[in-house]
Amino acid sequence: MAQEDVFKKIVSHCKEYGFVFPSSDIYDGLGAVYDYGQNGVELKNNIKQYWWKSMVLLHENIVGIDAAIFMHPTTWKASGHVDAFNDPLIDNRDSKKRYRADVLIEDQIAKYDEKIDKEVAKARKRFKEQFDEAQYRATSPRVLELAAQREALHERYSKAMNAGDLGELRQIILDEEIVCPISGTRNWTEVRQFNLMFSTEVGSTAEGASKIYLRPETAQGIFVNYLNVQKTGRMKLPFGIAQIGKAFRNEIVARQFIFRMREFEQMEMQYFVKPGTELDWFARWKETRMKWHQALGFGAENYRFHDHEKLAHYANAASDIEFHMPFGFKEVEGIHSRTNFDLSQHAKYSGKKIEYFDPETNESYTPYVIETSIGVDRMFLSVMCHSYEEEQLEGGDTRVVLHLPAALAPVKLAVMPLVKKDGLPEKAEEIIRNLRFHFNCKYDEKDSIGKRYRRQDAIGTPFCVTVDHDTLKDNCVTLRYRDSMKQERVPIDSLQAIIEDQVSITSLLKKLL
Ligand code: ATP
């Protein structure tokens, strides 16, 4: 099945099984805004817990905060968002569709890569075992020509972006003969800057009101609280502040389901370090964060780092962790070395001294910052994409199963009476009563056992138990495993011990040490 079709299926699966709904669905939705349903919220909460505990529980020197979404408007002046949090946009006059100019060009660069990959695949087919890919890439005239065109375009694009040269961005789109995917024409407007922050007004009268913004990132809530936390927590460098919360961006191109939303959630950690040690910490945090992702067991080959060539003017290193989504390798997390830019800017704009007194060297300085910033929703999407499978079973049957890591699954155990009588429902409820304090259990008595198993497979429940007539005599149940579909008879008393360890967030956290 084409990857595009797989993705469409995942999106409809998310809706059908209560994971993600379009926002205000009865009014036909709101662009790039989504609601999480009864299963989605559990999975999302589990992802957040995994992250939070990996930061705050496993690190003696990382503490959490929960800052407000609204902040003093000067915050965004100081951070640079008022002046520079822009995307270059361009409209097609025929389709009236709006695009990000940088995205159009990046897609064009990706097309060169695809062409090169196609040439390589063709050659592999032709030369079979004798094929030496590295040599082919280095010598094939066609590949070299495409690579040179790609490089030239990439360089021109980077230069234009770094210089903020909007005219040049438009010229690149024209020279590369990029067409609008809807109208198929090259009838483009000028490129304009578009600020991504949502604004609103605080205050009751028009005269007394002032313009404030919905935060476009959670990080600034941490920077403006640096002194509060450092002083009240008597924190010594290096130390970190972690936060999970909503962020808002008026994205021009809202695409790919919950990958790019206008209201989304971030999990960010700012790590304050002594100047000069930041690149060392940057390397360490890259490794720590990659380990966190890989502990989920999705396979190391599905992740890669993408080191930024184009750095923001205040950063001295930046790298993304990309995950293999059905639509290619895409950023799920950014790790940035932000120097002392944010704290210095807030010191300048607030007039407050924001420094750290180092008792070891007896000097005061502005700490440097390494940040790790991951989108909860993108993480959710990567978990969903990797877990979804339409499995062919023996005998020609198929089942849709979510191979969610057990620690993230919304429901851990489904308890099912074989029939709705003879005291079996009561026995099933008794099992749930005893286990529900330890993990999320659900009772299910509707339809045949086979259908009930399928329903649980579709939401990723790792364990099901069936209560039958023998259970009333021997206090044993049939335990069924989601992935292998194997079944075994086990005593009710042993269920907690068998299941609890595998479904707890602790099982994941232990892999990080
Ligand atoms: P992109 O280049 O995809 O727009 P970004 O580099 O602007 O992302 P950051 O500002 O570094 O993203 O934000 C950190 C993380 O927040 C991203 O890695 C991503 O997981 C998440 N994120 C950013 N924008 C969105 C969005 N519109 N919808 C969902 N998640 C987002």
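Helices (H or I, at least four residues) and strands (E, at least two) are DSSP runs, numbered from the N terminus. On that basis the protein has 18 helices and 23 strands. This is a predicted model, in which local features need pLDDT of at least 70, side-chain atom pairs count only at pLDDT 80 or more, and totals for chains, interfaces and linings use all residues. Residues are numbered from 1 along each chain as its sequence is written, and side-chain values use heavy atoms, with hydrogens and water left out.

**Overall**

- The C-alpha trace spans about 80 × 65 × 55 Å along its principal axes.
- A residue is buried under 20% relative accessible area, exposed over 50%, and partly exposed in between (1.4 Å probe, protein chains only).
- Of the 513 residues of the protein, 48% count as buried.

**The ligand and its shell**

- The ligand is surrounded by 15 residues, and the closest are Glu 251, Arg 260, Met 261, Glu 331 and Val 332.
- For residue classes, Ala, Val, Leu, Ile, Met, Phe, Trp, Tyr, Cys and Pro count as nonpolar, Asp, Glu, Lys and Arg as charged, and the others, Gly among them, as polar.
- The shell then divides into 6 charged, 5 polar and 4 nonpolar residues.
- Strands E10 (263-273), E13 (328-337) and E16 (368-375) each supply at least two residues of the shell.
- E13 gives the largest share, 5 residues.

**Polar contacts and cover of the ligand**

- A polar contact is a pair of N or O atoms within 3.5 Å; within protein, one must be able to donate a hydrogen and the other to accept it, and residues adjacent in sequence count only if both atoms are side-chain atoms.
- A backbone N or O atom of Val 332 lies 2.8 Å from an oxygen atom of the ligand.
- A polar backbone atom of Gly 375 is 2.9 Å from an oxygen atom of the ligand.
- A polar backbone atom of Phe 259 is 3.4 Å from a nitrogen atom of the ligand.
- The protein covers 84% of the 590 Å² of accessible area that the ligand has on its own.
- Accessible areas come from the Shrake-Rupley method with a 1.4 Å probe; for residues, only the protein chains shown count as cover.

- E16 is largely enclosed by the rest of the structure, because 8 of its 8 residues are buried.
- Tyr 368, Ile 370, Thr 372 and Ile 374 are buried on one side of E16, and Val 369, Glu 371, Ser 373 and Gly 375 are buried on the other.
- Two strands pair if DSSP finds at least two bridges between them.
- E10 and E16 run antiparallel and are joined by 8 bridges. Gln 266 stands opposite Gly 375 in E16.
- E13 and E16 also run antiparallel, with 5 bridges between them. Glu 333 stands opposite Ile 374 in E16.

**Strand E19**

- In strand E19 (residues 413-417), 5 of the 5 residues are buried.
- Leu 413, Val 415 and Pro 417 point one way from E19, while Ala 414 and Met 416 point the other way.
- E19 runs parallel to strand E20 (residues 441-443), and 3 bridges join them. Leu 413 stands opposite Cys 441 in E20.

**Aromatic rings**

- Rings of Phe, Tyr and Trp (its six-membered ring) pair if their centres lie within 6.5 Å; planes under 30 degrees apart count as stacked, over 60 as edge-to-face and the rest as tilted.
- By this rule the count comes to 20 aromatic pairs.
- Phe 259 and Phe 327 are edge-to-face, because their ring centres are 5.6 Å apart and their planes are at 85 degrees.
- Phe 259 lies in the loop between strand E9 (239-248) and E10, and Phe 327 in the loop between strand E12 (317-325) and E13, so the pair ties together parts that are 68 residues apart in sequence.
- Phe 259 counts as buried, at 6% relative accessibility.
- Phe 463 and Tyr 481 also form an edge-to-face pair, 5.7 Å centre to centre with 70 degrees between the planes.
- Phe 463 is buried, with a relative accessible area of 3%, whereas Tyr 481 counts as partly exposed at 22%.
- Phe 223, Tyr 226, Phe 239 and Phe 272 form one aromatic cluster.

Notes: Near = heavy atom within 4 Å.
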